[in-house]
Amino acid sequence: MTELTDEDILAANERGRIAMATKPRAKSARYDRDQDRIVVDLVNGSTFAFPPQLLQGFDRATPDQIAEVEILGVGFGLHWESLDADFTVAGLMAGRFGTARYMAERFGSAWDAVAAE
C-alpha cells in the first residue's frame, strides 16, 4: 500500500470541499403514498420526485418498504435497508434508476444512446 503524502491529503480535502459545494445532496427524503412518488428535498432548496417503480429491485416493494428511505452520509445517497438498495442522488437526478444493464433492458436503445454520452 502506498503512503499518503500531505499533498495527497490536501488534494483529497479540496475534492471533498468541491463535492460538498457542487454535487446534489439530499436534505430529506420521503415516500408520498398519495402521489406514489419518492420526494427528495436537496440542500440547495430544490426538490425532485420520481415513481419508485422506476428503481431496480422495487417492482415488488411494498409501500412500507419504500417509505423506509434513509439518507446516506451527508446526503449523496439514498438507502433502503429491507430492500438492500442504494442509489446516488446525482444518479437519480440524471435518470439512472439501476445498473446499465437494467437501464438498457428496461428502457431499451434510448437508454443506450444516453449512456454513451
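Phe87 counts as buried at 11% relative accessibility, where buried means under 20% relative accessible area, exposed over 50% and partly exposed in between (1.4 Å probe, protein chains only). This is a predicted model, in which local features need pLDDT of at least 70, side-chain atom pairs count only at pLDDT 80 or more, and totals for chains, interfaces and linings use all residues. Residues are numbered from 1 along each chain as its sequence is written, and side-chain values use heavy atoms, with hydrogens and water left out.

Let's turn to the rings. There are five aromatic pairs in the structure; rings of Phe, Tyr and Trp (its six-membered ring) pair if their centres lie within 6.5 Å, and planes under 30 degrees apart count as stacked, over 60 as edge-to-face and the rest as tilted. Two of these pairs are shown here.

| Pair | Centre distance | Plane angle | Type |
|---|---|---|---|
| Phe50 and Phe97 | 5.9 Å | 45 degrees | tilted |
| Phe58 and Phe87 | 6.1 Å | 70 degrees | edge-to-face |

Phe58 sits in the loop between strand 3 and helix 2 (63–66) and Phe87 in strand 6, so their pair ties together parts that are 29 residues apart in sequence. Helices (H or I, at least four residues) and strands (E, at least two) are DSSP runs, numbered from the N terminus. Phe58 is buried, at 3% relative accessible area.

Phe50 is buried too, with 3%, and Phe97 is buried with 11%. Ring pairs also join Phe48, Phe50 and Phe97 into a cluster.

What about Glu81, buried or exposed? Glu81 counts as exposed, at 54% relative accessibility, and is found in the loop between strand 5 (77–80) and strand 6 (85–88).
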